[in-house]
Structure formats: C-alpha cells, structure tokens
Amino acid sequence: MATRVRRPSEFDAMLKELTDERIFQTLKDVIVFAAALGFRRRNRKPFEKSSEPIPLEYFRGDFDVTIMSVIAIKDHEDPKMLAPSNEADRVRCFEEYANGGLEIMKHQIWDPRLDWSQGLLSLIHREDSDKTILEDITELANRSV
C-alpha cells in the first residue's frame with residue numbers, strides 16, 4: 001500500500017468549507033499551510049482517527065516536499081530524516097504538525113465564525129513579528145526554482 005498523509009477527521013467540516021469557498025485551492029494546500037503554522041507555533045498533535053487519507057504523491061511538488069523535509073529535519077534536528085527509510089517518520093511529523101495547525105485555525109477562526117480571509121490574514125500578521133517559518137519556506141522554495 002502506498003504511503004498516504006492522514007488528516008484528522010474532527011476537522012472535516014472546516015476543511016470542506018475552506019476548499020468549497022476556494023480559500024485554498026485544494027485540501028493538500030490547506031494541510032501544507034496548517035503544517036507550517038503548527039510547526040511555527042510548536043503545536044504538534046498526534047491523532048488516531050482520520051478521514052480519507054491524501055495519497056503522498058499529491059505532495060510530491062518541490063514546494064511540498066521542501067516543507068515536509070524542513071519540518072522533519074528541524075523537528076528531529078537530524079538531516080538523516082531525508083533518508084528514504086525515514087519517509088514514514090517525515091510523514092507522521094508533517095501530519096502531526098498539520099493537526100496542530102488545524103487546531104489553531106479551528107480555535108482562532110472557525111469556532112468564533114470569523115471570515116476566513118480576514119482571520120487567516122490576522123493569523124499570519126501575528127506570526128510576522130519576526131522571521132516566520134512561512135517566510136523561511138518561501139525563501140527555500142524560491143531557491144529551488
């Protein structure tokens with residue numbers, strides 16, 4: 001069976017709204033953003049119950065792979081996380097930070113029923129006090145192009 005990125009089922013309605021309203025183009029994009037946010041806030045949350053997983057192949061673009069790799073290397077403080085034998089650990093780390101990021105989005109935007117565009121902008125601005133993981137990832141992605 002091919003590796004898949006699991007997503008916690010408790011966020012299904014929120015994820016559906018984010019993609020239905022085209023706040024994010026794809027579910028994968030929401031998960032990538034949430035993982036970066038969760039990592040930035042050091043909010044790594046394991047989970048057991050998941051919805052339909054996303055095939056790992058969907059995350060094979062240079063930008064997605066860079067984010068997944070940077071998060072795993074930085075979290076483990078070990079460049080060996082890039083080894084093919086560590087793929088499952090990289091994916092689990094990414095999933096758990098995505099879960100943490102989704103939790104932040106839920107508590108700060110979804111639960112109080114804020115407008116998604118304004119809520120996400122506000123959330124990003126709060127992270128902008130110094131160099132953020134989102135900026136670091138953007139720089140890395142620009143270098144790989």
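User: Which residues of α1 are buried in this model?

Analyst: In this model, which is a predicted one, the buried residues of α1 are Met 14, Leu 15, Glu 17, Leu 18 and Thr 19. The cover over these residues includes α2, α4 and α5 (116–127).

User: What makes Glu 17 count as buried or exposed?

Analyst: Glu 17, which belongs to helix α1 (residues 12–20), has a relative accessible area of 17%. Buried means under 20%, and therefore Glu 17 is called buried.

User: With which residues is Glu 17 in contact, leaving aside its neighbours within four places in sequence?

Analyst: With those neighbours left aside, Glu 17 is in contact with Trp 110, Arg 113 and Trp 116. As for Trp 116, its side chain and that of Glu 17 are joined by a polar contact of 2.5 Å, and this value can be set against the limit of 3.5 Å for a pair of N or O atoms.

User: How many aromatic pairs are there, and what kind of pair do Phe 59 and Phe 94 form?

Analyst: The count of aromatic pairs comes to four. One of them joins Phe 59 and Phe 94, with 5.6 Å from centre to centre and 75 degrees between the planes. The limit for pairing is 6.5 Å and planes over 60 degrees apart count as edge-to-face, so the pair of Phe 59 and Phe 94 is named edge-to-face.

User: Why can the pair of Phe 59 and Phe 94 be said to tie parts of the chain together?

Analyst: Phe 59 is found in the loop between β2 (54–55) and α3 (62–76), whereas Phe 94 is part of helix α4 (residues 87–110), so the pair ties together parts that are 35 residues apart in sequence. Phe 59 and Phe 94 are both buried.

User: Why is the pair of Trp 110 and Trp 116 called tilted?

Analyst: The ring centres of Trp 110 and Trp 116 are 6.5 Å apart, and the planes stand at 35 degrees. Stacked planes are under 30 degrees apart and edge-to-face planes over 60, with the rest counted as tilted, so an angle of 35 degrees makes this pair tilted.

User: How do you know whether Trp 110 and Trp 116 are buried or exposed?

Analyst: Trp 110 has a relative accessibility of 19% and Trp 116 has one of 4%. Because buried means under 20%, Trp 110 counts as buried, and Trp 116 counts as buried too.

User: What lies over the face of Trp 110?

Analyst: Arg 113 lies over that face, at 4.4 Å from the ring centre of Trp 110, a value to be set against the limit of 6 Å for a charge over a ring.

User: What makes Pro 46 count as buried or exposed?

Analyst: Pro 46, in the loop between α2 (27–40) and β2, has a relative accessible area of 59%. Exposed means over 50%, so Pro 46 is called exposed. Even with its neighbours within four places in sequence left aside, Pro 46 is in contact with Glu 96 and Asn 99, and 9.7 Å separates its C-alpha atom from that of Ala 98, 52 residues apart along the chain.

User: What is noted about phi of Glu 77, and is Glu 77 buried or exposed?

Analyst: Phi of Glu 77 is near 50 degrees, which is positive although the residue is other than glycine. Most residues other than glycine have a negative phi. Glu 77 is placed in the loop between α3 and α4, and its relative accessibility is 59%; exposed means over 50%, so Glu 77 counts as exposed.

User: How does the reach of α3 stand against what is expected?

Analyst: α3 has 15 residues and reaches 21 Å from its first C-alpha to its last, which is close to the 21 Å expected at 1.5 Å a residue. Among the buried residues of α3 are Asp 64, Ile 67 and Met 68.

Methods. Residues numbered from 1 in each chain as written. Predicted model: local features only at pLDDT ≥ 70, side-chain atom pairs only at ≥ 80, totals over all residues. Heavy atoms only, no water. Phe/Tyr/Trp six-rings, centres within 6.5 Å; stacked < 30°, edge-to-face > 60°. Helix = DSSP H or I, 4+ residues; strand = E, 2+ residues; numbered from the N terminus. Buried < 20%, exposed > 50% of the residue type's maximum accessible area, 1.4 Å probe, protein only. Lys NZ or Arg CZ within 6 Å of the ring centre and 35° of its normal. Polar contact = N/O pair within 3.5 Å; in protein donor to acceptor, adjacent residues only side chain to side chain. Contact = heavy atoms within 4.5 Å. Expected span 1.5 Å × (residues − 1).
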